[in-house]
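Biologist: Can you walk me through this one? Keep it simple, please.

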Amino acid sequence: MRPTYKIIFGYILISSVLVKAFEPITTTIVAGAGAAAAAAAGRKIYNYFYESCDSKWIDFNSTGLEVDLNRKLFGQHIVSRVVLKAITGFMKNKNPKKPLVLSLHGGTGTGKNFVSQLIAKNLYKKGTDSGFFHQFVATAHFPHQSQIENYKSQLQHWIKGNITNCPQSMFIFDEMDKMQPGLIDSIKPYLDYYEKLDGVSYRQAIFIFLSNSGGENIVEVALDFWKAGKDREEIELKDLEMALSLSVFNNKNSGFWHTSLIDKNLVDFFVPFLPLEYKHLVQCGMAEMAAQGLKPNHTLVDQVVRDMTYFPKSEKIFSVKGCKTISSKLDFYREHA
Ligand SMILES: Nc1ncnc2c1ncn2[C@@H]1O[C@H](COP(=O)(O)OP(=O)(O)OP(=O)(O)O)[C@@H](O)[C@H]1O
Ligand SMILES: [Mg+2]
């Protein structure tokens, strides 16, 4: 077992033990006091310090997500639409037949992690700090090919443990393209249409896969639209979805290679992130300044964004790094202004 993994695994066990251990103690103390009001107060204090798997801590805010996607996510009209529809539909369904599985694809710095953070923020009161939000990073948690069998069983135990603790858990699998082929198949039963597996229902969980694979196909489509003089907003999900799922399935380096997750249709939505343009980078820069509590400075942002690298070489339309590195570059330019 890798150290990082051990820490995460240990943390979950500790947090679930804590929750279980702490609950009866609070109840005993409060029952001893004998007053309903005191019981409510005790519960309040307990919830204040410790997150629990209930509507006080897990309360999906559909309007909040819509506003965040519209105001904070730039240049991703397909993502905004698909993610809002997928998450809202799933959360409204009192009896989903399977967990929600999204696969986010696109080049670096286009907003994949950012979108998963926005979802967590509008689902859990503690956002990404929630004990029910879990993130795996392929290179950090599953680095050794020789350990794949260990990783498979750890992953299964871990997911089962966390969903037993809270059915409305959210799992992010980052760097899917760097994940060893076959590993992800070990969680297939949990993503499927089973009512229960060994007494545990996985149907309320959300699984989100992030990867760069398929990014080239997305760029190709975006470039075709640009060359044809069409508006970027005219690109639709259907222009990208099929090409994306086929390319990911057939790409040996995608982590999804020939996975049964795809041929069994267990991924509900493939979400394509478009490459970002100059104007989106400006929006990112202005938003970053506002987030840092700084007075928006368009001249400075423009300077930073102009110095970023764009492709294809001749047209220079799309940012090579998306909005990534803008915040650190802003710091640098401010220091040296
Ligand atoms: N479309 C976007 N709209 C607004 N901000 C964005 C967008 N894309 C990226 N950003 C900003 O850039 C930062 C880095 O983006 P993010 O980590 O989401 O990229 P990514 O798609 O996960 O990239 P990678 O493939 O390299 O992991 C975000 O925290 C956010 O501040
Ligand atoms: Mg990322």
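Modeller: We will start with the source, then take a listed site and the sheet. This is a predicted model: local features need pLDDT of at least 70, side-chain atom pairs count only at pLDDT 80 or more, and totals for chains, interfaces and linings use all residues. Residues are numbered from 1 along each chain as its sequence is written, while chains are lettered from A and ligands numbered from 1 in the order in which they are written.

Biologist: Which residues does UniProt list for "binding site"?

Modeller: The unreviewed entry lists Gly106, Gly107, Thr108, Gly109, Thr110, Gly111, Lys112 and Asn113. UniProt positions use the numbering here, feature names are shortened, and annotations may be inferred rather than shown by experiment.

Biologist: Where is Gly107?

Modeller: Gly107 lies in the loop between strand E1 (100-106) and helix H5 (112-123). Helices (H or I, at least four residues) and strands (E, at least two) are DSSP runs, numbered from the N terminus.

Biologist: Is Gly107 buried or exposed?

Modeller: Buried, because 23 other C-beta atoms lie within 10 Å of Gly107. The cut-offs within 10 Å are 20 or more for buried, 12 or fewer for exposed, and partly exposed in between, with C-beta atoms placed from the backbone.

Biologist: And where is Lys112?

Modeller: Lys112 is in helix H5. Lys112 is buried too, with 25 C-beta neighbours inside 10 Å.

Biologist: New topic. What is the strand order in the sheet?

Modeller: The open sheet has 5 strands, ordered E2-E3-E4-E1-E5, with parallel pairing. Strands pair if DSSP finds at least two bridges between them.

Biologist: Which strands are at the edges?

Modeller: Strand E2 (133-137) and strand E5 (269-273), each pairing on one side only.
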